[in-house]
Amino acid sequence: MSGFYPSDRYGYAELLTDAERAALLRLRAVLDGQVRPLLGDHWERGEFPDAIVAPLLGLNLMEPAEVAAAGETPGGLYAGFRNFELARADASVATWYNAQSGLFRTTVGLGGDAAQVAELEPRIRSFGLKGVFALTEPGHGSDIAGGLETRARFEPAAAGARSGSGDRTGAGSAGAGSWVIDGAKRWIGGAAGADVLAVFARDEADGLVKCFLVPTDAAGLTITKMRGKTSLRIMQNADIVLDGVRVDASARLANINGWPDVAACLRNMRSDVAWIATGAAAGAYEAAVGYVAAREQFGRPVGGFQLVQEKLATMLGNVTASLGMAVRLTQQQDAGVYRDENSALAKMFTARALRETAALAREVVGGNGILLENDVARFHADAEAIYSYEGTHEINALVVGRAVTGIGAFR
């Protein structure tokens, strides 16, 4: 099926099934009709458009009806193009959706035991249980593996006493005791609208990093909206303080027992970010093409100037290369091949390509490129956040460099 995306010149979307493309077209209709009209105003005000939540969740994108009716299971490429389609409209909207479908779902899927996954996975797919990923801290981002300061201590229940506080997750039965968590988290996207936070904390007993599903209404938990952002303004990031927050023993994800388990989650998540970066680049490119075709200067369309066409070709090359990398990485992961350096390379390259593409889009649209009404400005600003989250360019480069040389350059 050619022409599914104007920016997909090599036809990567043809690898999808007819049913998967039908589901994506249904998503596109909602994005075009109910999401895009709200973006500029909410981006300028730094607020999330709550009116888009019901239409998007009503699409049931994690288990679409078209795919089920065809007797298929949604594949990795479908999930990738779902992020691509969302980001092609807006990076904040894609980041918001992926907080549930990617970060939180992956954390529970890899970190929970069989009983926890069986209980929580259906609720996550339906958004019946909304959660977000809470790892980064005010003083620790790139060095979070060794620097994580949030602490958790286990307190056994007294004989005959019930353990822990209210458990909104329903994951497992109450254990014989509870965990008390103290610390702070930062940059946690979507926290205010979540039911639970997947909080990573260091166990005081053994020093290992573990993960806890903490209800957002727990006593001692404070969530504060971050302000003053110049990127991803629609996405609501939060500062979180945990002061003696107590959760039931069953709230701990049983299969996260140290940093290697956290790293396994991140390895999976970086492919999602590569798709988001690629989709945002496609959105910037397509907005620029639409503008230069209509805008006239010196008596003819701007798109007819040689220097503009060279920039458009560079932008399209970036999108095409990024799509190729994201598609192949996803195919490898679907085949069970997960390598840190592969996901790091894809995130590093696609985020850098997005940054260049958005800048070139801003250039060809001229002074009007900084106006929200022309779409390019959002992508230009949002590229900066995507360039840094889920591992900075430098950290991902060092992951790749370690694989290439066999020498770790981290200090």
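In which loop is Phe127 found? In this predicted model, Phe127 lies in the loop that runs between α6 (114–125) and β1 (131–134). The phi angle of Phe127 is near 65°, which is a positive value in a residue other than glycine. Most residues other than glycine have a negative phi. Phe127 has a relative accessible area of 10% and is therefore buried, since buried means under 20%.

A positive phi is also found at Asn60, where the angle is near 55°, and this residue too is one other than glycine. Asn60 is placed in the loop between α2 (53–57) and α3 (65–69). The relative accessibility of Asn60 is 29%, so Asn60 counts as partly exposed.

The cysteines were examined for disulfides. A disulfide is a covalent bond between the sulfur atoms of two cysteines. A pair of cysteine sulfur atoms has to lie within 2.5 Å to be counted as a disulfide, and by this rule the count comes to zero. Cys211 is in no disulfide, and the nearest cysteine sulfur, that of Cys265, is 7.6 Å away. For Cys265, the closest cysteine sulfur is in Cys211, and the distance of 7.6 Å is too far for a bond.

Are these two cysteines buried or exposed? Cys211 has 0% relative accessibility and so counts as buried. Cys265 also counts as buried, because its relative accessibility is 0%.

Definitions and conventions. Residues are numbered from 1 along each chain as its sequence is written. This is a predicted model: local features need pLDDT of at least 70, side-chain atom pairs count only at pLDDT 80 or more; totals for chains, interfaces and linings use all residues. Side-chain values use heavy atoms; hydrogens and water are left out. Buried means under 20% relative accessible area, exposed over 50%, partly exposed in between (1.4 Å probe, protein chains only). Helices (H or I, at least four residues) and strands (E, at least two) are DSSP runs, numbered from the N terminus.
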